[in-house]
Amino acid sequence: MDVIDVPRPKSVRDPNRPVSSLLLAQVKHLREAEKSLPPQYHSGIFSHAIQTESEAARYIQSVTEAIHAAHDDASAARVRRVPKRKRGIEIAAVADHAAERKAKKKSRSKKKGSPSKHKK
Amino acid sequence: MPPGLDQLKHIVVLMMENRSFDHMLGSLKAVNSAIDGYIDSDPFTNPDTNKNPVKPQALAEFQGQLNPDPDHHFPAVDVQIYGGQTGSGRVANMQGFVTSYFHQRGDVDHSQKIMYYFKQSDLPVLTTLALQFAVFNRWFASIPGPTICNRAFAHYGTSFGRVDMDPFDVIEPIKSIYTRLVTATPKHSAKVYYYDTSSSTMEVANLLQHQTEVFGMYSQFLSDCDKGLLPDYSFVEPNYSDHDTDEGEAVASDQHPDHDVQAGEQLVAEVYTHIKNGPEWASTALLVVYDEHGGIFDHVVPPACKPDRFPCSQVDPGTGQPFKFDRLGVRVPAILISPWIPKGTVVNRVFDHASVPATISKFFLGGSPDVSSREANADVFIEPNNGQGNLANNLLSLDVMRNDCPSFRIRK
């Protein structure tokens with residue numbers, strides 16, 4: 001089959017095109033999403049004043065990236081918390097060592113044949 | 001088992017914006033009479049507000065013609081489908097498109113442009129794919145309404161009672177198709193690829209807020225196609241706006257009026273070409289489908305369907321009567337592409353966007369336990385390969401993979 005040419009669009013790119021009801025709905029959804037983000041992730045853009053496609057795109061980009069960043073930061077914080085758990089394991093290990101030392105000491109004192117002394 | 005189904009590992013859905021079947025593919029009836037489009041001798045017309053009949057004409061333009069954006073919210077679509085009739089005994093007749101568009105500008109001549117359609121030669125990508133693979137004569141929007149609630153059906157199999165553009169809440173136990181896949185045992189992979197962060201996704205309220213990990217960007221999709229890294233299920237969103245990027249300028253490719261239809265043609269060609277030229281062509285099926293008709297004419301009456309389990313969130317959605325999700329929206333273009341599909345396949349069974357999660361669930365998971373009644377009753381466009389499929393409906397039916405599939409040269 002022949003290769004079919006797909007013509008280059010003749011359209012005039014117009015980022016100042018008035019924003020459509022679809023993009024306004026998307027902005028509205030993102031505005032709701034932005035409310036649930038911690039303040040440091042807020043865009044600082046007054047979304048009610050958006051009138052053009054490029055303005056909508058700027059806001060959409062800002063909140064989309066903020067949502068990703070908030071999730072990424074939460075994941076990173078989760079990872080950073082892991083050492084605490086590790087410390088817990090180390091404590092358990094120390095406890096185990098202590099028990100081990102105690103057991104060795106006990107067995108040593110048994111060998112020496114001085115249980116009373118061990119009791120002290 | 002047919003080898004096409006046996007080999008199938010990846011399903012990709014590309015959902016475009018706001019164009020009707022007759023507007024985009026109606027011209028193909030002249031080429032293949034099995035395609036339920038429009039030819040000049042057909043009697044279908046719409047009255048204008050002077051009561052003159054307006055015939056469909058092949059005068060559609062890529063941009064600048066449908067301005068303002070034709071109304072496609074629930075009340076307007078009701079006018080388009082019922083011709084402005086109200087009351088309980090009304091009959092759908094597809095007679096209200098011109099009247100509805102007239103309401104926006106009050107200009108009789110301009111209102112007639114809602115009846116324009118594209119010549120086959122205007123849309124070399126979409127029409128070629130429709131003629132070369134499987135075109136659906138009866139794929140309808142899920143709701144006679146706008147984008148967000150219709151796209152919700154593609155993600156969840158329901159809009160949870162919404163017929164508008166407002167954010168909706170996911171109601172348990174229903175889960176998105178992505179959650180179903182990634183939490184399954186064995187686990188499956190799924191991604192929503194949006195164009196870039198300035199275009200983002202139309203499924204913000206639930207997916208983007210809570211499951212950022214299922215999202216990727218269009219550049220990654222192309223790379224995944226090229227490297228053979230496609231997930232089991234991919235949902236691709238077009239670019240929804242003209243905007244600046246780090247690399248330069250991005251032009252909207254969603255085909256939403258008044259965005260350039262040719263830019264959307266390029267997007268469809270690019271998605272197809274990267275899949276076809278990648279290592280997973282034999283094991284991938286691509287569905288190109290439009291979310292809703294965008295207020296543009298179509299001659300096929302949307303059928304009734306079994307009601308959804310969720311009641312409409314509005315007692316009166318603007319039509320003077322309740323809606324039970326018991327009628328589909330206006331017909332949209334839909335094409336299934338795979339090298340295992342016979343050239344010139346025309347599908348006459350009824351589908352809507354609930355067919356997307358229904359198909360993905362049944363194909364990859366053997367079904368899902370908790371789905372909406374609309375999804376439970378939706379037909380599937382790819383039969384499951386677990387022995388439970390109806391092989392008489394299998395569209396990937398060839399015994400030998402085609403090597404005559406079309407190629408596109410994209411002029412940038």
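Buried residues make up 56% of the 412 residues in chain B, where buried means 20 or more other C-beta atoms within 10 Å of a residue's own, exposed means 12 or fewer, partly exposed is in between, and C-beta atoms are placed from the backbone. This is a predicted model, in which local features need pLDDT of at least 70, side-chain atom pairs count only at pLDDT 80 or more, and totals for chains, interfaces and linings use all residues. Residues are numbered from 1 along each chain as its sequence is written, while chains are lettered from A and ligands numbered from 1 in the order in which they are written.

How far can you trust it? Chain B averages a pLDDT of 96, and 100% of its residues score at least 70; pLDDT is the predictor's confidence in each residue, from 0 to 100. For the model, ipTM is 0.95 and pTM is 0.92.

On to overall shape. Of the contacts in chain B with a separation of 6 or more, 73% are between residues 24 or more positions apart, a contact being two C-beta atoms, placed from the backbone, within 7 Å.

Chain B holds 13 helices and 13 strands, which are DSSP runs numbered from the N terminus (helices H or I, at least four residues; strands E, at least two). Helix 6 (residues 124–132) of chain B is largely enclosed by the rest of the structure, because eight of its nine residues are buried. Among them are B:Leu126, B:Leu129 and B:Gln132.

A cis peptide bond with omega of about 10° joins B:Asn67 and B:Pro68, and B:Pro68 sits in the loop between strand 3 (53–54) and helix 3 of chain B. Another cis peptide bond, with omega about -5°, joins B:Thr185 and B:Pro186; look for B:Pro186 in the loop between helix 8 (177–182) and strand 5 (190–194) of chain B.

B:Asn18 is not a glycine, yet has a positive phi of about 55°. B:Asn18 is buried, with 28 other C-beta atoms within 10 Å. B:Gln255, also not a glycine, has a positive phi of about 70° and is buried, with 25 other C-beta atoms within 10 Å.
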